[in-house]
Structure formats: C-alpha cells, structure tokens
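Reader: I am new to this structure. Please show me how to read it.

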Amino acid sequence: MTFDLKALRVAAIERNDTTAAAIARRTGIPYPTVIRWTSGKGVPAGPALAAIERAYGITAARLFPAPQDA
C-alpha cells in the first residue's frame with residue numbers, strides 16, 4: 001500500500017487548510033511530522049490516522065488505497 005497524499009490535500013483544501021501548518025493546527029499533529037508526510041519522507045500511522053479522520057473525515061482506507069488490478 002502506498003500513501004495517497006493527494007487525498008489528504010484535497011480533504012484539507014475543502015476546509016481551507018492549504019499549508020502543512022494549517023493541517024498541523026487542525027489535526028493537532030506536530031508540524032515537522034506533517035512536513036515529513038507532505039515531502040514524501042514519511043506516512044501517517046496510528047494515532048495520526050485517527051486525528052486525520054476526526055479533522056477531515058477521511059479514512060485510513062482512503063489514505064492507503066488497495067492497489068488496483070492491472
């Protein structure tokens with residue numbers, strides 16, 4: 001599974017959160033952690049996934065979609 005950053009960005013933009021700082025504020029996740037996700041150097045896990053779902057209504061299944069059959 002790969003992290004679908006676009007899904008997080010779309011959900012954030014729908015709430016006018018257009019920066020990593022805005023995402024960090026809304027989710028309560030440290031800014032450096034959000035920067036790692038948005039730069040491709042990390043992925044959300046555990047409590048961070050729950051925080052994203054609470055803040056943006058986007059599930060872990062949407063952030064980590066199953067690969068499509070070729």
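**Reading a loop and a helix pair**

Author: Start with Thr18, which lies in the loop between helix 1 (5-14) and helix 2. Helices are DSSP runs of H or I, at least four residues, numbered from the N terminus. This is a predicted model, where local features need pLDDT of at least 70, side-chain atom pairs count only at pLDDT 80 or more, and totals for chains, interfaces and linings use all residues. Residues are numbered from 1 along each chain as its sequence is written, and side-chain values use heavy atoms, leaving out hydrogens and water.

Reader: Is Thr18 buried or exposed?

Author: Buried means under 20% relative accessible area, exposed over 50%, partly exposed in between (1.4 Å probe, protein chains only). Thr18 has 64%, so Thr18 is exposed.

Reader: How are two packed helices described?

Author: By the angle between their axes and the distance between the axes. Axes are lines fitted to C-alpha atoms, for helices over the stretch in contact; angles run from 0 to 180 degrees between N-to-C directions. Here, the axes of helix 2 (residues 20-27) and helix 3 (residues 31-38) come within 9 Å and cross at roughly 125°. Helix 2 is therefore oblique to helix 3. Angles under 35 degrees count as roughly parallel, over 145 as roughly antiparallel, 65 to 115 as roughly perpendicular, the rest as oblique.

Reader: Which residues make the contact?

Author: Contact means heavy atoms within 4.5 Å. Helix 2 brings Ala20, Ala21, Ile23 and Ala24; helix 3 brings Tyr31, Val34, Ile35 and Thr38.

Reader: What is the average pLDDT of the protein?

Author: pLDDT is the predictor's confidence in each residue, from 0 to 100. The protein averages 93, and 97% of the residues score at least 70.

Conventions: Helices (H or I, at least four residues) and strands (E, at least two) are DSSP runs, numbered from the N terminus.
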